[in-house]
Amino acid sequence: MLTLGIETSCDETSCAILKDSDIILSNVVSSSLRRHRPFGGVVPEIASRHCLEQIDLVFNEALARAGIKPKDIGLIAVTNGPGLVGSLLVGVSFAKALSYQLGVPLVGVNHLEAHLVANFIRNAGDPVPGPGKKKPERFVGLLVSGGHTLLVAGERGRLTVLGETVDDAAGEAYDKVAKMLGLGYPGGPVIDKLAKKGNPEAIRFTKPKQDNRFDFSFSGIKTAVLYGIRDRRARGRGLDLNFKRDVAASFQHAVVSWLVDKTLDAAAFKQVQDVVVGGGVSANSELRKRLGEEGRRLEIRVWFPPLALTNDNAAMIARRGNDLYREGCVSSNELTADPNLSIV
Ligand code: KG4
Ligand code: ZN
């Protein structure tokens, strides 16, 4: 069966064709990133307008690259939350109209759940170490993106939330720190690159304490960077490249340490052998390295999606929709965008 995936939860417009549950025939992504750069973050109106302008083009391109016609589509999977309401509505409306026109079933997909299954598309997830690529029955999932930071437990096909950020998401902290350092948007990739040349011990950030041991907090570290920059300026010193490298390295070292420690603590708590990571921050080189190494030491398989599937894309939506459909889930034409859709 061919599944059409549609993703428009934020600043990307993406359509993908997935054959059965594993083979990506096409995965077209049109990003409006460039248009948001002057504002240092995503502007919701620009994002939704971009989705509206692009959805037809991206859909047709996905069909052309897969070499199929609309009548070949057997299932439509669409992100219906969480995300920006205007962007979400574009994808959901398009999917509903197409489902009605073609007479094929429709499945609403939770964007966060889809980020995790990006690991299970064949040739995609690369468990470290070991050869088995079969989806684990039980796992702990770390979801790290620009809007969310969550630890979940996967058991019997269900996800339950173990903890989440009480303030900023990890990706959001990267973006805000990059903005303070004048590094542009998005902040993750540029800080990741700069950090490689800085001293991770230059600044010691205080580890935040949470009542729930699996919760996170990233607003304190952001404020600490802000004060550091303010103090430096007050002393008449500028933000030279070495300073930026040291802030980037120290910030990344702290954030990655907190993510790694809590994830492995959750894996021990749930007594699982697999940790599955997803979301934009899963592209981070230090997170990949340190969680991979620590996992190996503890004989835990750590799954990271291939870099091409770390950012928002419709292949992961198609895969999640396909899984849900095979479990018997179908959405009605009443499906609507839910900006705050949560993992139950
Ligand atoms: O999942 P995603 O594409 O969009 C959301 O659903 O939010 O994640 C985007 C986030 C941005 O905050 C971006 O700065 C961050 O992922 N990101 C990274 C890296 N690449 C992207 N953060 C840290 N290191 C990276 N290499
Ligand atoms: Zn995302």
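Me: How is the lining of the second largest pocket split by class into nonpolar, polar and charged residues?
Reply: This is a predicted model, and its second largest pocket has a volume of about 590 Å³. Around that space sit 29 lining residues, with Glu113, Gly157, Arg158, Arg320 and Glu327 nearest the centre. Sorted by class, the lining comes out as twelve nonpolar, six polar and eleven charged residues.

Me: Which element gives the most to the lining of the second largest pocket?
Reply: Several elements each supply at least two residues here: β5 (106-110), α4, β7 (149-155), β8 (158-164) and α10. The top contributor brings four residues, and that is α10.

Me: OK, on to the largest pocket. Which element has the largest share of its lining?
Reply: The largest pocket has a volume of about 1,100 Å³. It is lined by 38 residues, and Ser145, Gly146, Gly147, Asp175 and Tyr185 lie nearest its centre. β3 (23-31), α4, α5 (170-180) and α6 each supply at least two of the lining residues. The largest share, six residues, belongs to α5.

Me: And how many nonpolar, polar and charged residues does the lining of the largest pocket have?
Reply: Remember that the largest pocket is lined by 38 residues. By class, they are 13 nonpolar, 16 polar and nine charged.

Me: What is the volume of the largest cavity?
Reply: The count gives one cavity of 30 Å³ or more. Its lining is made of Lys207, Pro208, Gln210, Asp215, Phe216, Ser217, Phe218, Trp258 and Lys262. Those divide into four nonpolar, two polar and three charged residues. As for the volume of the largest cavity, the value is about 50 Å³.

Me: Trp258 is in that lining. Which residues does phenylalanine 205 contact, leaving aside neighbours within four places in sequence?
Reply: Phenylalanine 205 sits in the loop between α6 (187-195) and α7 (219-234). Its relative accessibility is 17%, so it counts as buried. Its C-alpha atom is 6.7 Å from that of alanine 254, which is 49 residues away along the chain. Leaving those neighbours aside, its contacts are Ile221, Ala224, Val225, Ser250, Phe251, Ala254 and Trp258.

Me: Which residues coordinate the zinc ion (ligand 2)?
Reply: Along the chain, the donors follow the spacing H-x3-H-x196-D. Histidine 111 is in helix α4 (residues 111-117) while aspartate 312 is in the loop between β10 (301-303) and α10 (314-326), so this pair ties together parts 201 residues apart in sequence. The coordinating residues, at 2.1 Å, are His111 (NE2), His115 (NE2) and Asp312 (OD).

Me: Is histidine 111 buried or exposed?
Reply: The cut-off for buried is under 20% relative accessible area. Histidine 111 has 7% relative accessibility, so it counts as buried.

Me: Which backbone nitrogen lies 2.9 Å from a polar atom of the side chain of serine 14?
Reply: Serine 14 belongs to strand β2 (residues 12-19), and its relative accessible area is 0%, so it is buried. Beyond four places in sequence, the residues it touches include Asn27, Val58, Asn313 and Ala314. The backbone nitrogen at 2.9 Å is the one of alanine 314.

Me: What separates the C-alpha atoms of leucine 143 and cysteine 15?
Reply: Leucine 143 is in strand β6 (residues 139-144), and it counts as buried at 2% relative accessibility. Its contacts beyond four places in sequence include His115, which is also one of the zinc donors. Cysteine 15 is 128 residues away along the chain, and the C-alpha separation is 22 Å.

Me: What is omega for the cis peptide bond that joins tyrosine 185 and proline 186?
Reply: Most peptide bonds are trans. Proline 186 is in the loop between α5 and α6. For its cis bond with tyrosine 185, omega is about -5°.

Me: What is the phi of arginine 156?
Reply: Most residues other than glycine have a negative phi. Arginine 156 lies in the loop between β7 and β8, and it is exposed, with 74% relative accessible area. Although it is not a glycine, its phi is positive, at about 50°.

Key: Residues are numbered from 1 along each chain as its sequence is written. Chains are lettered from A and ligands numbered from 1 in the order in which they are written. This is a predicted model: local features need pLDDT of at least 70, side-chain atom pairs count only at pLDDT 80 or more; totals for chains, interfaces and linings use all residues. Side-chain values use heavy atoms; hydrogens and water are left out. Buried means under 20% relative accessible area, exposed over 50%, partly exposed in between (1.4 Å probe, protein chains only). Contact means heavy atoms within 4.5 Å. Donors are N, O and S atoms within 2.8 Å of the metal (3.2 Å for Na, K and Ca); water is not among the atoms, so sites may look incomplete. A polar contact is a pair of N or O atoms within 3.5 Å; within protein, one must be able to donate a hydrogen and the other to accept it, and residues adjacent in sequence count only if both atoms are side-chain atoms. On a 1 Å grid over the protein atoms alone, a cavity is a set of points where a 1.4 Å probe fits but cannot get out, and a pocket is an open set with protein on both sides within 12 Å along at least five of seven lines; lining residues have an atom within 4 Å of a point. Grid points are joined across faces, edges and corners, and a volume is the space filled by probe spheres set on the points. Ala, Val, Leu, Ile, Met, Phe, Trp, Tyr, Cys and Pro count as nonpolar, Asp, Glu, Lys and Arg as charged, and the others, Gly among them, as polar.
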